[in-house]
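This briefing is meant for a reader meeting the structure for the first time. Please look it over before reading the points grouped below.

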Amino acid sequence: MLRKQTNEYYNFRDINRLNHQMVSNLRNSLVNFSEKSSKDWQVNLFAMHAYWRGNDDRILNAEIITALDKEIKNNPDLSYKGLFRTLSLLRDSDLSIAMRYHSHVFSIAFAIPFLSIDYTGNLGKVSNLLDRIEYKEYSITFNKLEESTLSNLLCKIESNNVKIRQKLVKSCVGLENQLLEAYEYFWN
C-alpha cells in the first residue's frame with residue numbers, strides 16, 4: 001500500500017529520482033529480508049489510489065514488480081481491487097508496508113504488524129498517528145529511506161510479530177475510545 005512521493009509534503013528538487021530510488025531500495029530490502037527470513041514470503045501490492053490520471057498506485061506497483069523480477073514470490077495482479085477486496089487481502093496478511101495514511105489505519109484496525117513509511121513529515125498525519133500509538137520504532141521517513149534500514153525494520157517486525165499484534169489491538173481500542181469521546185463531546 002505504497003505511493004509515490006509528491007511535493008505537497010516535501011519540496012524536493014528531484015522528486016522523480018527519489019521515487020526511483022525508493023523502488024530500488026524497496027526491491028533490495030525485500031530481497032534481503034526474504035533471504036534472512038525463515039518464512040516463505042509472498043509480496044502482494046495493493047493499489048489504494050487508482051485515478052485515471054496522476055499518482056496511480058498501480059504504476060508504482062508495476063515498477064516494483066518489474067524490479068523484483070521473480071526474486072521473491074509475488075502476485076503480479078496489479079488490478080484495482082476495491083475497498084472490500086483490499087481489506088480482505090490485508091486482513092489475511094502477516095505483515096504490511098504502509099505508506100498511504102489509510103493503509104496505516106487499516107493495519108492498526110486488523111492488528112497487522114506494519115513497517116511505516118512516513119511521507120508526511122514530522123508534523124504530518126502519519127507522524128501524528130504513529131505518535132498516538134507509540135509506533136515510531138517501526139517507521140522510517142521518506143527522505144531517509146535506506147535499503148539496510150528497511151530490511152532491518154522488516155526483520156524486527158517479523159521477530160516481534162506477536163508482541164506488535166497485541167500492541168496494535170490495544171492501540172486500536174484506545175483510538176476507538178478517543179473517537180467515541182470526540183463524538184460524545186461534539187454531538188451530545
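This is a predicted model: local features need pLDDT of at least 70, side-chain atom pairs count only at pLDDT 80 or more; totals for chains, interfaces and linings use all residues.

Which residue lies over the face of Tyr119, and at what distance from the ring centre? The residue is Arg3, which lies at 4.1 Å from the centre of the Tyr119 ring.

- Three strands, paired in parallel, make up an open sheet whose order is 3-4-5.
- Strand 3 (96–98) and strand 5 (139–141) each have a single partner strand and stand at the edges, so one side of each is left without a neighbour in the sheet.
- Direction ignored, neighbouring strands of this sheet are turned by 20° against each other on average.
- Strand 3 and strand 4 (residues 114–118) run parallel and are joined by three bridges, and within this pairing Ser96 stands opposite Phe114 of strand 4.
- Helix 4, which covers residues 101–109, lies across strand 3 and strand 4, and runs at about 160° to strand 4.

**Two loop residues with positive phi**

- Ala111, found in the loop between helix 4 and strand 4, is a residue other than glycine with a positive phi, near 55°.
- Ala111 counts as buried because its relative accessibility is 9%, which falls under the 20% cut-off.
- Glu134, in the loop between helix 5 (125–132) and strand 5, is likewise not a glycine and has a positive phi of about 50°.
- Glu134 has a relative accessibility of 60%, over the 50% cut-off, and therefore counts as exposed.

**Aromatic pairs**

- The count of aromatic pairs comes to five.
- In one of them, the ring centres of Phe114 and Tyr135 are 4.3 Å apart and the planes stand at 20°, so the pair is stacked.
- This pair links distant parts of the chain, 21 residues apart, with Phe114 in strand 4 and Tyr135 in the loop between helix 5 and strand 5.
- Both Phe114 and Tyr135 are buried, and together with Tyr138 they form one aromatic cluster.
- Tyr185 and Phe186 form an edge-to-face pair, with 4.9 Å from centre to centre and 85° between the planes.
- Tyr185 counts as exposed at 66% relative accessibility, and Phe186 counts as exposed at 62%.

**A further charge over a ring**

- The charged end of Lys39 sits over the ring of Trp41, at 4.8 Å from the centre of that ring.

Notes
Residues are numbered from 1 along each chain as its sequence is written. Side-chain values use heavy atoms; hydrogens and water are left out. Two strands pair if DSSP finds at least two bridges between them. Helices (H or I, at least four residues) and strands (E, at least two) are DSSP runs, numbered from the N terminus. Axes are lines fitted to C-alpha atoms, for helices over the stretch in contact, and angles run from 0 to 180 degrees between N-to-C directions. Contact means heavy atoms within 4.5 Å. Buried means under 20% relative accessible area, exposed over 50%, partly exposed in between (1.4 Å probe, protein chains only). Rings of Phe, Tyr and Trp (its six-membered ring) pair if their centres lie within 6.5 Å; planes under 30 degrees apart count as stacked, over 60 as edge-to-face and the rest as tilted. A charge sits over a ring if NZ of Lys or CZ of Arg is within 6 Å of the ring centre and within 35 degrees of the ring normal.
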